[in-house]
Amino acid sequence: MKHRGRHRRRRRGRALRATLAGTALALTATATMISTSQATDADDPGALKPLTAAADTAPLRLTEHAVPGAELNRLTASMGPAVGVGAVLADPDGTLQDAGACTEDDRRALPVEPAVTAAYCWPERDTEGWRAGAVTTSGDADEDGRWGAHRVVLSGWTRATGTPAEQGLARIAFVAADDGRAPRYTWALLAVPVDGGRDLRGLGSDVSGMVWYQDKLLVTAGRGEGEALYVYDLDRVQRATVDAVTVGRVPGGWSAAGARYVLPAVASYGTAGAGAPRPGGLALDRGTAPDSLVVHEETAPDEEGPTRLWRYAFGPRPDRGALLRPEPVAAYETELTRVRGVLAHGSDWYVSRAAGAAEERGTLWRQDTEGADPVRCGADETYRCWSGPATSLSYWQVTGDVWSQSGRMLFALPLAAVDEALER
């Protein structure tokens with residue numbers, strides 16, 4: 001990456017915000033203020049450290065467990081014909097609001113720098129009791145950035161309140177992000193077939209990582225699941241026929257905890273034992289041959305680090321064989337802690353770090369094997385410019401945008417603007 005001076009970065013930041021001034025996306029003054037307590041950050045994490053020893057890479061090896069086709073067919077025979085993404089998008093549950101109609105508290109979750117170029121908020125009535133998670137898009141699914149005629153964002157959520165049976169449930173929203181109209185969304189519960197395909201249970205996961213690749217969706221699994229990743233077939237969306245809080249077969253049909261659609265897993269991946277690193281965040285990198293799945297390690301908020309980053313290659317024919325190759329093709333260590341999102345683009349790794357306190361902002365870094373750069377903002381050049389609770393990064397290659405989610409805000413900004421805000 002070429003060096004950019006501070007004056008150029010500041011000009012670019014002012015220009016981006018100026019383009020938003022006449023729209024509903026302009027940040028409020030309170031959202032752009034940086035407190036004195038936020039003016040410092042962690043020490044420079046330095047360069048990524050390659051991990052090449054077998055003892056470092058062997059625990060990252062994946063083992064695939066496919067759900068037998070007979071079980072999936074039994075489930076479909078009982079639930080009715082599966083539908084695809086297009087049918088789900090044509091049956092929306094609601095509409096996202098443009099940022100200008102969102103509350104000031106919601107907009108405060110947006111990054112200070114770089115300025116966002118698109119932002120929407122979720123209605124409180126549909127997300128109360130749920131915690132926002134990862135984002136992936138049709139830019140991951142297909143090189144042309146569309147799924148059929150639609151530009152689509154998938155947004156992950158985890159149930160944070162409710163009965164013990166409800167807490168930890170995972171769902172995704174299919175969002176039609178087509179130009180010229182407000183984004184519409186439809187909920188689908190993530191589930192796992194049980195009893196030989198005669199029933200379903202809800203997936204228990206924070207949905208901290210998610211990647212849509214071709215017709216498959218990869219989702220991180222919670223620690224209680226035992227597996228590391230679950231795989232869903234987006235041509236196998238099933239309709240729920242009963243509106244109930246339970247999941248699976250119920251008197252009169254099938255329930256998906258209030259959602260009208262449900263996705264049953266078609267496969268899962270496990271790692272090499274209880275002590276193996278677990279995926280915390282996922283992203284797709286189309287800059288490798290073959291395409292690869294980028295992963296950051298799940299860590300506890302108080303863990304001192306370091307944090308591992310690695311990648312798996314996708315199989316040469318995912319439609320006919322294993323989706324992922326089992327061995328990691330590259331692995332690194334970063335000194336950053338509280339990592340919540342990762343991207344890889346060329347030799348650069350973009351890593352988001354969560355804030356240490358609820359009222360503080362997070363940081364966004366670009367690292368490689370030579371060093372690290374933070375996004376800076378404010379007169380004191382603080383690093384804390386990112387959104388504190390942002391959970392994932394997803395790069396839409398066709399448009400050049402990075403998508404993320406924070407609180408009830410779904411937003412996008414150009415990767416080029418991130419690079420403009422970086423400093424060696």
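Hi everyone, let me start with the surface: the protein chain exposes about 16,800 Å², and carbon and sulfur atoms supply 49% of that area. Please keep in mind that this is a predicted model.

On to the inside. Buried residues account for 57% of the 424 residues in the protein chain. If you take the contacts between residues at least 6 apart in sequence, 65% of them join residues at least 24 apart. As for secondary structure, the chain has 9 helices and 28 strands.

Five strands make an open sheet, running in the order E1-E21-E20-E19-E18 with antiparallel pairing. At the edges sit strand E1 (49-50) and strand E18 (279-285), each of which pairs on one side only. E18 meets its partner, strand E19 (residues 292-297), over 6 bridges in the antiparallel sense. If you want a spot to look at there, find Asp285, which stands opposite Ser292 in E19.

E6 gives the most, with 4 residues.

And what is the lining like by class? There are 13 nonpolar residues, along with 10 polar and 8 charged ones.

Notes:
Residues are numbered from 1 along each chain as its sequence is written. This is a predicted model: local features need pLDDT of at least 70, side-chain atom pairs count only at pLDDT 80 or more; totals for chains, interfaces and linings use all residues. Side-chain values use heavy atoms; hydrogens and water are left out. Helices (H or I, at least four residues) and strands (E, at least two) are DSSP runs, numbered from the N terminus. Ala, Val, Leu, Ile, Met, Phe, Trp, Tyr, Cys and Pro count as nonpolar, Asp, Glu, Lys and Arg as charged, and the others, Gly among them, as polar. Two strands pair if DSSP finds at least two bridges between them. Buried means under 20% relative accessible area, exposed over 50%, partly exposed in between (1.4 Å probe, protein chains only). Contact means heavy atoms within 4.5 Å. Accessible areas come from the Shrake-Rupley method with a 1.4 Å probe; for residues, only the protein chains shown count as cover.
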